[in-house]
Amino acid sequence: MCGIVGIVSKSPVNQLLYDGLTVLQHRGQDAAGIVTADGRTFHMHKDKGLVRDVFRTRDMRNLTGTMGIAHCRYPTAGSASSVAESQPFYVNSPFGIVLGHNGNLVNTPELQRELFQDDLRHVNTSSDSEVLLNVLAHELTLSAKGPRLDPESIFSAVAGVHRRAKGAYAIVAMIAGYGLLAFRDPHGIRPLVIGKLETENGVEFMVASESVAIDTLGFTVMRDVAPGEAILVDSSGNFFSRQCAVNPSLNPCIFEYVYLARPDSVIDGISVYETRALMGKSLGELIKRQVPNIDIDVVIPIPDTSRPSAVEVAQVLGVKYREGFVKNRYIGRTFIMPGQAQRKKSVRQKLNAMGVEFKGKNVLLVDDSIVRGTTSKEIVQMARECGALKVYFASAAPPVRFPNVYGIDMPTRSELIATGRNAVEIAQAIGADAVFYQELSDLVADVRRCNPQIKNFDASCFDGNYITGGVSAEYLAGIEASRLDGETRGDEGSNEVNQLDLGFTTVD
């Protein structure tokens, strides 16, 4: 999970890109980068850290031009955390290209071999984003009509990328002297939205990971980029689009709606806030069915993502909704912290319990999901320390039993608390009196209710169905081995699983 922004403006674009990244900061807190284009010249600044820390006034002054792309990155277990791995990436041949990527490729080693042996291109990092950049550059070499490019050649190159790359990817790129290019993988797993702004000097265009970035910058959302579609805005501000994939299909990542996206975003026509409210209603009804006479005095959310769900759970159960935790907004999201020890330490730095809401009460804690269980266990312990008589725990998402290989850090199955455990055993593991999980069928129905035209979702972390193909037992075991060896791989994640008892399916 990363945040990407691309803008073609009629005025200096540096501040717009910076503001867009700050709105998407929740998608990546490890590193940030901006590249602007001033004619055929690129200006780049990137570094580790939050957006506000990476860019100083002197850096912003050097980012001149009216076109640019930006990226914020989050760390994943097993992936390198260095300036070299920060994005955007740059390559000078054939035309000068910079690229930022949200997602994860599942055939990176194969592409690396092809680039070195057949395409005669050198990749300098372990990032799959740099691999994508070089694949795009090679395809542009093949499709170019002599020393010049036109929209047809660029779209032909994107079609070549789609043929070669497997996995999830939403891309923003710039080609020196030509314009801004954005495209989405043929399965439409990771989000990408287009916006525009009418100005006195003409139309400005913007692409971003979430609609909230477009809204807050004053642009109007046009639509989502379709699976397999490429968008090109040339240096004169002309807008082109083309479907570049064979048999594309829309399968948005369902975990975007559960946890990743901001609640005020609309992705593929689906309101994130509305889906989380519907998830809460379904979860409340499930609890009523399973334990009709459960003794709950108060429902308390784990801030912030679970609030819409918790409100609906309380309403369905007919009990009070109260805020029991205060969140320190200056601590990163613990789900995407790079290591187990850091995640555990950060829980109590991030959340503080208010004893008055727990003492002498039976409480139901509602969270968006339970992944490793580290955070859940600490939170249950905090509730008990504040005097709660009973602590129940409810997840608005189903059990996470499989690694996500499409750009989310859900590593080995041994690290996923739901692996090999039922709800009773999970409750014991986190110290709760009972644990309740959303049904996957209910989750899918809740999200689809907001846009009935979407038939399928990527729910691989819940059901083990990897829709892109290329996710074999050997692949998963291999990236687990690289994790254990301390090796590093691409930007979007080392997403591993135990070699034994995989229980997944893959579509080829």
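A nonpolar core is a set of buried Ala, Val, Leu, Ile, Met, Phe, Trp, Tyr and Cys residues joined through side-chain atoms within 4.5 Å. Buried means under 20% relative accessible area, exposed means over 50%, and partly exposed is in between (1.4 Å probe, protein chains only).

**Ground rules.** I'm working on a predicted model, where local features need pLDDT of at least 70, side-chain atom pairs count only at pLDDT 80 or more, and totals for chains, interfaces and linings use all residues. I number residues from 1 along each chain as its sequence is written, and side-chain values use heavy atoms, with hydrogens and water left out.

**Entry 1: the whole chain.** I found 16 helices and 24 strands in the protein chain. These are DSSP runs numbered from the N terminus: H or I with at least four residues for helices, E with at least two for strands. Of the 508 residues, 62% are buried. I also looked at contacts (heavy atoms within 4.5 Å). Among those between residues at least 6 apart in sequence, 71% join residues at least 24 apart.

**Entry 2: the cores.** The largest nonpolar core has 58 residues, and Phe255, Ile287, Leu364, Tyr406, Phe436 and Phe462 have the most contacts inside it. Helix 9 (residues 272-290) gives the most to this core, with six residues. Another core, of 35 residues, lies apart from it; Ile97, Leu105, Leu133 and Ile171 are among its members.

**Entry 3: leucine 278.** I picked this one out of helix 9. Leucine 278 counts as buried because its relative accessible area is 16%. Which residues is it in contact with, leaving aside neighbours within four places in sequence? I got Asp446, Arg449 and Cys450. I also checked valine 313: leucine 278 and valine 313 are 35 residues apart in sequence, and 9.6 Å apart in space, C-alpha to C-alpha.

**Entry 4: helix 12.** Helix 12 (residues 374-385) has 12 residues and reaches 17 Å from its first C-alpha to its last, close to the 16 Å expected. The expected span is 1.5 Å times one less than the number of residues. Its buried residues include Ile379, Val380 and Met382. Glycine 387 follows helix 12, and its phi is positive, near 100 degrees.

**Entry 5: valine 356.** I found valine 356 in the loop between strand 19 (351-353) and strand 20 (362-367). Is it buried or exposed? Its relative accessibility is 64%, so it counts as exposed.
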